[in-house]
Every structure is written in structure tokens, then in C-alpha cells.
Amino acid sequence: IAVIDDVALVVERDNQRVQVFRLPAFTPLGTFGASDLRKPYGIAVYPAADRGAYVAYVTDNYELTEDVVPPDSMLGERVRQYRVTVGADKVQAELVSTFGDTSGPGVLKVVESIAADVPNNRLLIAEELETASHIKVYTLDGKFTGKVLDSGLFPNQAEGIILYACGDTAGYWVTTDQGMGANTFHVFDRQTLAHVG
């Protein structure tokens, strides 16, 4: 779920779409992504340059069959970027780009949460593949930066990501390692991505 201004965007994994509501009454405005998304999970949204429009990123954890990750060569559609326009009583969305590395350390095998940091040109994407779980850093235009938040901090499943902003560029990233017995929260510096604790 992402909330921005008076709009809530809800990812419906099993319906393969994003539904949009006007707050506070939860008035349905429509859906988008049904023709593109196969198994959507996370969503990140920020205002576009023009009023009433937004940029939305949706992670897509499509599989060959249940719990079978496709080969790397088929993982180039792990994130979809939309331009979303919200009118008085309806929503419209246009697919702008689709991305995800298909080789090397930037490959996104099992995607979950995604969060955007516009001033620092970053997307943090949770990679929750068990035994190889971490958070990968992409640019807003879908390029892997080479940065991975890991160092053994996510032995279970990297899951939630949220940005606690302090002004335009400073602040902290708060992330979650989801385990069967316990959940661990990790804090990273927003600018340097250094682990704070």
C-alpha cells in the first residue's frame, strides 16, 4: 500500500493489478497494471513534475510455476514504472518503463518491497531470496548502482523498507529482516547507506 496526498494505491497480488482509492472515504477510482503485471508485490510512489500526476514503481515477482524463480535471462521485468494521473473520479496510468538486470549482481530474483528517494536518485528494492537476501540499490531510471545492503544483516528475508526523511536529502532508511522466530529492524544512513544499527 502506498498513500500520497489524498490517494491510496493498493497492490493486489492475486488480481494482478493496482487499485486506487480517494481518501478519506476510500472512493474507488479504478485500477491499472492488469495488462502488464503478473504477480505484483511492492509499490513506491512520488509526485510527478505536473500537478495531479505521480510516478509509481511496482515490483513484479512472476514465477515459472509456484515458487520457481525464472532463469536470470527472464528477469528483465521485475520492476514496472507507471505514470499515474488521478482525476476527480478516475485514475489513468501509462506504463513508462520495465527493468531489472538479467545478469550479474544486479539481478532481482525474488522481489518484495520497493522504496524511492527522489533527491538522492535511488530505488531500494528488497531481494528476499532465502540464503541470498539483501537490498539492492537502483537509480530512478532503472539502472543498478552496484550497491547492495547486506553484510549478513538479512539472513532470513529482506522485507519492509521505509524512508524517514530529515529535510531534502538527509535521514534514515529503516528495513526489516523477516524471520520465522523474530523480525529484526536495521537502520541505514540515507545518504551514505552505512549501517547505523
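Guide: Welcome! A salt bridge here is a side-chain nitrogen of Lys or Arg within 4 Å of a carboxyl oxygen of Asp or Glu. By that rule, this predicted model holds 11 salt bridges.

Visitor: What makes D6 and R22 a salt bridge?

Guide: Their side chains meet with N and O 3.1 Å apart. The cut-off is 4 Å, so the pair qualifies.

Visitor: What can you say about the side chains of R17 and E12?

Guide: They meet in a salt bridge, at 3.1 Å from N to O. R17 is partly exposed at 26%, whereas E12 is buried at 14%. There is also a network of salt bridges that links R38, D60, E77 and R80.

Visitor: Let's turn to the nonpolar residues. Which members of the largest nonpolar core touch the most other members?

Guide: Those are L9, V18, I43, V45 and V84, in a core of 19 residues. Strands 1 to 7 each give two or more residues to this core. A second, separate core has 16 residues, including V79, L123, L140 and F144.

Visitor: What is V45 in contact with, leaving aside its neighbours within four places in sequence?

Guide: V45 is in contact with A2, I4, L9, Y54, V55 and A56. Contact requires heavy atoms within 4.5 Å.

Visitor: Why is V3 called exposed?

Guide: V3 has a relative accessible area of 56%, and exposed means over 50%, so the label follows. V3 lies in strand 1. Beyond its neighbours within four places in sequence, V3 is in contact with A8 and L23. The C-alpha atoms of V3 and I162 are separated by 13 Å, although these two residues are 159 apart along the chain.

Visitor: Which residues form the nonpolar patch on the surface?

Guide: The patch consists of L64, V68 and M74, which together have about 250 Å² of accessible area. A patch residue needs over 30% relative accessible area, and L64 has 47%, so it clears that mark while still counting as partly exposed. L64 is in the loop between strand 6 and strand 7.

Visitor: What makes strand 9 largely enclosed?

Guide: 6 of its 7 residues are buried, so strand 9 is largely enclosed by the rest of the structure. Strand 9 runs antiparallel to strand 10, joined by 5 bridges, and V111 has E127 as its bridge partner. Two strands pair if there are at least two bridges, so 5 is enough.

Visitor: How do you know that strand 11 is largely enclosed?

Guide: There, 5 of the 5 residues are buried, so the strand is largely enclosed by the rest of the structure. H134, K136 and Y138 point one way, I135 and V137 the other. Strand 11 pairs antiparallel with strand 10 over 5 bridges and with strand 12 over 3 bridges. In these pairings, I135 is the bridge partner of A126 and stands opposite L149.

Visitor: Why does T139 count as buried?

Guide: Its relative accessibility is 14%, and buried means under 20%, so T139 falls in that class. T139 lies in the loop between strand 11 and strand 12. Apart from its neighbours within four places in sequence, T139 is in contact with N121, L123 and T145.

Conventions
Residues numbered from 1 in each chain as written. Predicted model: local features only at pLDDT ≥ 70, side-chain atom pairs only at ≥ 80, totals over all residues. Heavy atoms only, no water. Core = buried A, V, L, I, M, F, W, Y, C linked by side-chain atoms within 4.5 Å. Buried < 20%, exposed > 50% of the residue type's maximum accessible area, 1.4 Å probe, protein only. Helix = DSSP H or I, 4+ residues; strand = E, 2+ residues; numbered from the N terminus. Patch = residues over 30% accessible without salt bridge, like charges linked within 9 Å, V, L, I, M, F, W, Y side chains within 5 Å. Areas by Shrake-Rupley, 256 points an atom, 1.4 Å probe, with all protein chains shown as cover.
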